[in-house]
Amino acid sequence: MDDKIVFRKDLTSYNNFNSVGKVTHILCEKGSFSFLQNQVRYNVGQGDLVIFLNGVIVSDIHLSMDFKGIILEFSESFFYTDNVRNNYIIIGHLSLLKNPVIRLNEKQFNICHTSLILLENKLNDKENLFHEELLAALLKVHILEILNIHASIYSKISPDSRPASLMAKFISMLENGSYKQNRELAFYASELFISPHYLSEVSKLTSGQPASYWIERFTLQSLLRHIINREYTLTELVYKFNFSSLSHISRFIKKHSGKSYSQLLQIVKNKD
């Protein structure tokens, strides 16, 4: 359980290379901080909630001298094994990839603060005979509270609407690894019995990005995980991800991550 849910005291120690498969929630209680995600700088102030999703590339974190916050990190697989998934989770997930900062009002801040404090207290209560089950339930409550807050602020799409349903099915295909062999928009549109143009319009409506953006993003995240874990050589990744050549996969990595394959390897070595 200790590696499934962790409360951290120091945000400066956040490391992408140690956070694969994990989600991080940061509630800013005091001060401020900023960071880069996908080459965009975000500024965070008192009362804001930040969510780093599995696979995002976060760097260049700067904290104010008086920064204080609650930092929760949990295993994505631990949360999703509890089957807390619906169409809005897909919409919310995509929205957070686009903008990971949620501006909270006082009431919303207090809701998040209360759920985090309760979860942290129960994490340390090892004498509870149902410790893991209790933590799973409290984490579920915390996530649902955030989903409700996020939906009330950002969502203009009903989770039961046809666009939300189509987007959920599209993302489900990507989560199942379809991008490894198929990165053409026409393939996904055909599987959903709609036109490529309509799929892209649905994606723009629900997430603010065209469907091709999410195909490329899932591909990049998976490639980065393999590179970070040193599971395959670049040549092996060419075949695993159905790229046409070494130069093709190298251009893809450089274009979408901003770093070459050799630069990424050097970063991994420096972290060892």
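Here is a short chat about a few features of this predicted model.

Trainee: What makes helix 8 roughly perpendicular to helix 10?

Mentor: The axes of helix 8 (residues 211-229) and helix 10 (residues 246-257) cross at roughly 105° and come within 10 Å. Angles of 65 to 115 degrees count as roughly perpendicular, so helix 8 gets that label against helix 10.

Trainee: Which residues in helix 8 and helix 10 meet?

Mentor: From helix 8 you have Glu216, Thr219, Leu220, Leu223 and Ile227, and they meet Ile249, Phe252, Ile253, His256 and Ser257 of helix 10. Sorted by type, the residues of that contact come out as six nonpolar, three polar and one charged.

Trainee: How do you know that the span of helix 5 agrees with its 14 residues?

Mentor: Helix 5 covers residues 162-175, and at 1.5 Å a residue it should span 20 Å. Its end C-alpha atoms are 20 Å apart, so the two agree.

Trainee: Which residues of helix 5 are buried, and what follows helix 5?

Mentor: The buried ones are Pro163, Ala164, Leu166, Met167, Ala168, Phe170, Ile171, Met173 and Leu174. After helix 5 comes Gly177, with a positive phi near 95°.

Trainee: Why is Cys28 called buried?

Mentor: Buried means under 20% relative accessible area, and Cys28 has 0%, so Cys28 qualifies. Cys112 is at 1%, so Cys112 is buried too.

Technical notes:
Residues are numbered from 1 along each chain as its sequence is written. This is a predicted model: local features need pLDDT of at least 70, side-chain atom pairs count only at pLDDT 80 or more; totals for chains, interfaces and linings use all residues. Side-chain values use heavy atoms; hydrogens and water are left out. Axes are lines fitted to C-alpha atoms, for helices over the stretch in contact, and angles run from 0 to 180 degrees between N-to-C directions. Helices (H or I, at least four residues) and strands (E, at least two) are DSSP runs, numbered from the N terminus. Angles under 35 degrees count as roughly parallel, over 145 as roughly antiparallel, 65 to 115 as roughly perpendicular and the rest as oblique. Contact means heavy atoms within 4.5 Å. Ala, Val, Leu, Ile, Met, Phe, Trp, Tyr, Cys and Pro count as nonpolar, Asp, Glu, Lys and Arg as charged, and the others, Gly among them, as polar. The expected span of a helix is 1.5 Å times one less than its number of residues. Buried means under 20% relative accessible area, exposed over 50%, partly exposed in between (1.4 Å probe, protein chains only).
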